Amino acid sequence: MCRQLENITRGIGLDHTKGEVLPELVELAQDEASTVRLAAFDTIINLLEMFDSDDRTCVIFPLVKAFCEKCFKGDEAVLASLSFQYGKLCHGLSESFTDEQHLWFLEFYKKLCCLGLQHENGHCESQPYPLELENKYALVRRNCAYNFPAIVLFADPNHFLSELYRTFSSLCHDPEISVRRTAAGGFHEVVKLLGPNVHYIHKELITLLQDDSLEVLDALLNNLQETLELATSRGEGAGPESKQVNIQDLVPALVAAEQKAASSLHWRVHEKLLQCYSCLPRVISGDQIYFRFFQRMFSIITTNNVLPVQREAVRTLCVFLRYNRKQEQRQEIMSKIKQDLAQGRSYWNRLRFLDLCDITIDLFSKSYFCKHFLIPALELVSDPVANVRYKLCYMLPKLRSTIRPTEKHLLQQLEFCVRKLLCREKDKDVVVTLRKTVLELDKMDITEPYHKRHERELLDQKKEKEETLLLEMELLERQQSEAKLAGDKQSEKKQRESKSGLSGSKGMSGTLSGASSSSSSGKEMRRAKLARSRSLSGHPTTPKMTNSDKTLKLKDSGSCPGSGKSPMLPLNDDNLRPHHFNVASSISSTPSSSSMPVLIRSNTSSSVDHRSNGNKDTQSRKLSVQRKSNSFGMQSGRE
């Protein structure tokens with residue numbers, strides 16, 4: 001009778017519900033039989049929208065609270081139904097809750113999630129209960145995992161880390177497979193609710209991907225594409241502080257999940273996982289796909305024994321190739337396809353190549369297919385295995401649809417293959433299929449409506465634009481990387497030049513100081529020479545110069561800016577004069593004077609002129625000294 005009250009309430013309307021039905025529900029919720037209390041609880045939850053806010057706050061909330069406390073203490077049979085309806089209950093009463101009531105329902109949910117468990121060292125372990133009671137507690141936790149997205153909405157996703165993260169982690173690490181499977185099934189809903197804070201549950205995603213049970217992985221795979229795309233993107237309205245899921249941990253987890261599915265007998269799980277791999281170009285980079293997944297796809301195609309798994313691996317391989325941006329990698333993949341599949345030793349691999357052609361016709365543009373796949377496919381007309389030729393005959397109309405009317409050489413090759421099959425084919429099944437195919441080829445251009453052909457051409461143009469866009473993006477990325485490298489080299493070069501400029505300025509200042517010191521020493525040397533020449537005029541000696549005068553002459557001749565000490569060489573006066581002249585002329589004619597700053601250039605020119613005047617004076621004095629010495633010698637001879 002309690003279960004009939006819902007229909008009666010909807011029939012009599014809101015006016016009579018408060019006075020007639022609600023008191024009966026309150027009395028039935030306190031019945032001595034647990035089945036009656038359970039029916040009353042379900043009826044109250046289904047009629048929440050029929051009660052106003054006053055009834056919810058004053059009547060329904062105390063009644064539900066008392067019911068929950070009584071069930072938690074000893075009525076395990078009702079706990080399963082309570083945990084299953086808990087999300088709907090919280091969502092229906094959330095608008096009428098105060099902060100204290102809101103907190104009470106949230107804490108009660110956390111208790112239900114840990115019912116029958118004990119936490120040690122961060123891990124959940126089941127307590128030793130009787131088997132029947134343990135199964136009831138596992139059912140309660142499974143229902144809590146089912147209602148977790150509704151509780152996230154009830155508690156506000158912004159408070160997830162402080163309020164519900166530990167509870168969600170407990171459900172994902174639950175010892176019962178059914179609980180973890182239910183948590184994996186609703187994982188994508190939690191990801192949607194968290195939005196930019198999806199990185200909070202990154203560890204739980206990795207844990208579920210690496211779960212020991214394939215049932216958990218199977219439940220996660222139902223919405224894995226949506227989960228990965230949401231988990232690796234910042235989402236709409238995400239601030240700069242939002243973070244993405246760590247890809248470095250995600251890629252090994254995906255690889256491990258595929259290997260685990262491949263080693264089991266559950267080939268449907270393996271097929272579903274390979275189907276989910278088709279979203280990876282939108283999730284991770286092309287280099288990661290190339291180095292971690294391409295070789296694995298080839299291995300599955302050539303070694304796996306399950307046909308649906310092989311075909312799904314072929315489709316995933318085509319998707320990877322379609323969105324790969326690097327031309328070198330694409331060329332290597334194409335060469336491997338032709339070598340391992342189109343020209344493979346096993347006819348099974350050659351059949352998979354024809355499956356690949358069938359898929360690439362839908363994924364790629366006509367021009368791309370004709371450039372890379374059409375000729376290897378037509379070469380299979382001479383295959384020694386009849387099954388390969390049979391499949392090729394079946395695919396000839398589809399191959400013909402990729403050739404444009406202007407590509408006459410390809411049409412001729414296709415016609416040549418058909419004639420070759422008609423002349424040489426001996427297998428009965430192949431001959432029958434070939435005749436049907438020839439008739440279909442003749443009718444293709446006549447029977448196809450214009451609007452379908454036009455739609456197909458528009459779709460092909462769209463594919464060509466996408467392919468050219470990928471090539472332009474590749475070229476742009478390459479130019480950006482080259483420009484970045486050139487900029488780094490230029491910055492390093494500027495740093496080196498700045499360092500060398502600083503050292504050069506220090507050396508220039510040292511040169512100026514050396515020039516000033518050498519000019520002052522030169523003046524002192526000239527004064528000493530003048531005094532010595534005067535002494536020579538009063539004391540008749542031989543015209544030969546002493547060693548000290550020669551050294552002074554050499555120092556005077558070498559005292560130019562930036563020059564060091566010249567070696568002391570025994571030179572006579574005749575050899576010393578041209579040396580002075582050459583040094584002076586070389587200094588005055590050096591091009592460095594024009595490249596130096598104005599201040600340095602004027603100082604050097606003035607010092608050089610001063611030295612040249614001094615040299616002339618000394619030369620005239622030397623001539624007078626020689627004349628006097630000669631006259632003194634003649635007088636002594638006469639005497």
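**Exercise 1. Thr43 and its surroundings**

Leaving aside neighbours within four places in sequence, which residues is Thr43 in contact with?

*Solution.* 
Step 1. Set aside the sequence neighbours within four places; the contacts of Thr43 are then Cys2, Arg3, Leu5, Glu6 and Leu25. Contact means heavy atoms within 4.5 Å.
Step 2. Note the setting. This is a predicted model with residues numbered from 1 along each chain. Local features need pLDDT of at least 70, side-chain atom pairs count only at pLDDT 80 or more, totals for chains, interfaces and linings use all residues, and side-chain values use heavy atoms, with hydrogens and water left out.
Step 3. Thr43 sits in helix H3, residues 34–46. Helices (DSSP H or I, at least four residues) and strands (E, at least two) are numbered from the N terminus.
Step 4. Check its cover. Thr43 has a relative accessible area of 3%, so it is buried. The cut-offs are under 20% for buried, over 50% for exposed and partly exposed in between, with a 1.4 Å probe and protein chains only.

**Exercise 2. Ser401 and Pro376**

Is Ser401 buried or exposed? How far apart are Pro376 and Ala342 in sequence and in space?

*Solution.* 
Step 1. Find Ser401 in helix H24, residues 386–401. Its relative accessibility is 18%, so Ser401 counts as buried.
Step 2. List its partners beyond four places in sequence: Ser401 is in contact with Lys366, Met444 and Arg456.
Step 3. Turn to Pro376, in helix H23, residues 374–378. Pro376 is buried too, because its relative accessibility is 13%.
Step 4. Compare the two distances. Pro376 and Ala342 lie 34 residues apart in sequence, and 6.5 Å apart in space from C-alpha to C-alpha.
Step 5. Complete the contacts. Not counting residues up to four places away, Pro376 touches Lys338, Ala342 and Phe353.

**Exercise 3. Two partners of H11**

At what angles does helix H11 meet H14 and H7?

*Solution.* 
Step 1. Start with H11 (residues 177–185) and H14 (residues 214–221). Their axes cross at roughly 15° and come within 7 Å. Axes are lines fitted to C-alpha atoms, for helices over the stretch in contact, and angles run from 0 to 180 degrees between N-to-C directions.
Step 2. Name the arrangement. H11 is therefore roughly parallel to H14. Angles under 35 degrees count as roughly parallel, over 145 as roughly antiparallel, 65 to 115 as roughly perpendicular and the rest as oblique.
Step 3. Find the residues in this contact. H11 gives Ile177, Arg180, Arg181, Ala184 and Gly185, while H14 gives Glu215, Val216, Ala219 and Leu220.
Step 4. Move to H7, residues 131–146. H7 and H11 pack at about 5°, with axes 8 Å apart. So H7 is roughly parallel to H11.
Step 5. Find the residues here. H7 uses Ala138, Arg141, Arg142, Ala145 and Tyr146, and H11 uses Ser178, Val179, Thr182 and Ala183.

**Exercise 4. A covered helix**

How many of the eight residues of H13 are buried?

*Solution.* 
Step 1. Go to residues 202–209. Six of the eight residues of H13 are buried, and the helix is mostly covered.
Step 2. Name them: His202, Glu204, Leu205, Ile206, Leu208 and Leu209.
Step 3. Find what they pack against. The partners are H10 (165–172), H11, H12 (187–194), H14, H15 (224–231) and H16 (247–263).

**Exercise 5. The whole protein**

What is the secondary structure, and what share of the residues is buried?

*Solution.* 
Step 1. Count the elements: 31 helices and two strands.
Step 2. Take the cover: 40% of the 639 residues are buried.
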